[in-house]
Structure formats: C-alpha cells, structure tokens
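Please work through the exercises below with the sequence and the model at hand. Each one sets a task and then gives a solution in steps.

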Amino acid sequence: MTAEVWRTRHRFLVETPLGVGAEPRLDALAHQLGAVLRLKPSDPIVLINGDGCEYLAQLTEIGARRAAARVLDLRHTAADPRIDLTLYMATLKQDKFEWVLQKATELGVARITPVVSQRSVVRPAAAMASKRARWLAIVREATEQCGRTRPPLLADAIEAHKVSLPAGVHGFLAWEAAESDAPSLGAAVAAVADSIGAGQPLALLVGPEGGLTAEEVQRFSADGWQVVSLGKRILRAETAAIAAVAVIMERCGELA
Ligand code: SAH
C-alpha cells in the first residue's frame, strides 16, 4: 500500500476491534458510503476505533444496507491529546453550543460536560437528553475529520449546583468579573505545568451567555475551582470556551 492511499479523507469511527486482516461489517455506514459518498468496492477508507491507531481498509462490499471492508494496514497516530482536559460548558443556544462541541473536539478535549446554570437560556438538564444523539454525531464527525482516534466523552448534562470538581483534578473557572489580581488562564496553567506534565487531569468551566451568578462563582470557588481571567474584554461564551481551550492546549504543548 502506498502512502498515497493513506491520504483518503474518508475516515470512519467504528466500535469494533480492528487489526490487519480483520473484515469488519460496516452495515451502519452503508448509506453514507454508497449513496452519499458514492464509494465502490476496492475503494480505500480509514477506520478508527479509539485505540490510538488508524486502519487502512479496502471496501469489499457496498449495498443499500450492507457494507464491509478488509483491513490492509495500520499505523499509530499522534493526534490523540496527551492531556486530560474536561470542558464543563454552560448550555448555549443550539447552534452556539454545537459549534463549541465541534471546535473543542478538534482542539483535543477529552470530555465535555454540559452544565445548566442559573442564567442558562436552555434548561432543564432533563430536556438535554433529547439532544444527545445529535451532539454525539457532531463530536463523532469532528473526531473523524481532525485525525484523533478517540472522540471526547460526552457526559449527561448536569445542574451547576451539582457540579463537583473530582479529587485530583485542577479546575479553572473563567470569570469575566474576577478580581484584578486573579491570574490569567495562561499564567494559571503555567503555574501547575509540572503537575500537568506528571499527568494531572484538568477541568475548565465556562459560563452561559448571561454569565455565572456571583453565588455560583462563590460555590465553585469553595469547591476548589481556581478563578481565572481571559483578559479585559468580555468574550461571548462560545468565544471564551474556544479561546480558553486553545490557551490550555498551547501551554501544554498540544498545538505544537
Ligand atoms: N453576561 C456577562 C458575560 C458573560 S460571558 C456580561 O454580559 O457581563 C460568558 C462566559 O464567558 C462567562 O461566564 C465566562 O465564563 C466567560 N468569559 C467571557 N469573558 C471572559 C473574560 N474576560 N475572562 C474570563 N471569563 C470570561
């Protein structure tokens, strides 16, 4: 197989174990492979299943409801994030939230937890359940597109007052009304660089369009979250989320 064939842009996340010689059934992808992408038997595709490898495969069967492939080659990829960052993201209006899901996946977050806060426009958490399939499809597509092999885990939505920073995790809380002596996110990340290097997981919390209430911020601080600033300008929630994830990734060497 030439390196050329590896360049196929058609990457698909599957749930089956893979290895050279495996012949996975791809029935769930049949419509997309055949009707949408118009691929034919013997066309190359790349399969991923979250194990850190990419698998070059050749389609062996394509029908309306059935498809299969044979794995010809594998290679390890360095595209999976090495740091463990969970984004606690306040729920936003649909398109903005979905944009954050996509971009945060590309930037390498390991987990996304939707948070319903006091000023969230979209609530309550139970109503989020209906969005789950759509959200999963978005992170899956972003995963396939950006080259990572593992999609971020998408946790169930949780009410802000029930959020609790897991033991051992360093949590950053972005607050536009932080005291002027609050560190910038970049400085705060740099200050714990050694423990991040040693594998400490990180969390980042970004509030909704209307901001977090002072009461919520107080509760998060008491729970151990470190209040950080993203500068003097007030960013929209989705801008704040992506800027903050990018700052963390850059400081941790993930954008190099
Ligand atoms: N409604 C507020 C702004 C909310 S901004 C107001 O109009 O005053 C939405 C979210 O983005 C905030 O909850 C916070 O988490 C984050 N954010 C925006 N700008 C920020 C900044 N300069 N520093 C830290 N966090 C910021």
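This is a predicted model: local features need pLDDT of at least 70, side-chain atom pairs count only at pLDDT 80 or more; totals for chains, interfaces and linings use all residues.

Residues are numbered from 1 along each chain as its sequence is written, and side-chain values use heavy atoms, with hydrogens and water left out.

**Exercise 1. Describe the interface of domain 1 and domain 2.**

Step 1. Domain 1 covers 3-76 and domain 2 covers 85-251, with bounds that come from an automatic or database domain assignment. Their centres, taken over C-alpha atoms, are 33 Å apart, and the contact (heavy atoms within 4.5 Å) takes 13 residues from domain 1 and nine residues from domain 2.

Step 2. The two domains bury about 810 Å² between them, of which 47% is on carbon and sulfur atoms; buried area here is the accessible area (1.4 Å probe) that two parts lose on being put together, summed over both. Of the area that domain 1 buries against domain 2, 63% is supplied by Arg 11, Leu 13 and Gly 50, more than by any other three residues.

**Exercise 2. Find the salt bridge across the interface of domain 1 and domain 2, and place its residues.**

Step 1. A salt bridge requires a side-chain nitrogen of Lys or Arg within 4 Å of a carboxyl oxygen of Asp or Glu, and the rule finds one across this interface.

Step 2. The side chains of Arg 140 and Glu 15 form a salt bridge, at 3.9 Å from N to O. By the same rule the count comes to 14 salt bridges. Arg 140 lies in helix α5 (residues 132-146) and Glu 15 in the loop between β1 and α2 (30-36), so the pair ties together parts that are 125 residues apart in sequence; helices (H or I, at least four residues) and strands (E, at least two) are DSSP runs, numbered from the N terminus.

Step 3. Arg 140 is partly exposed at 28% relative accessible area, whereas Glu 15 is exposed at 70%, where buried means under 20%, exposed over 50% and partly exposed in between (1.4 Å probe, protein chains only).

**Exercise 3. Which residues are linked with Glu 61 in a network of salt bridges?**

Step 1. The side chains of Glu 61 and Arg 66 meet in a salt bridge of 3.1 Å, N to O.

Step 2. The network links Arg 25, Asp 27, Glu 61 and Arg 66. Glu 61 is partly exposed at 25%, and Arg 66 is partly exposed at 45%.
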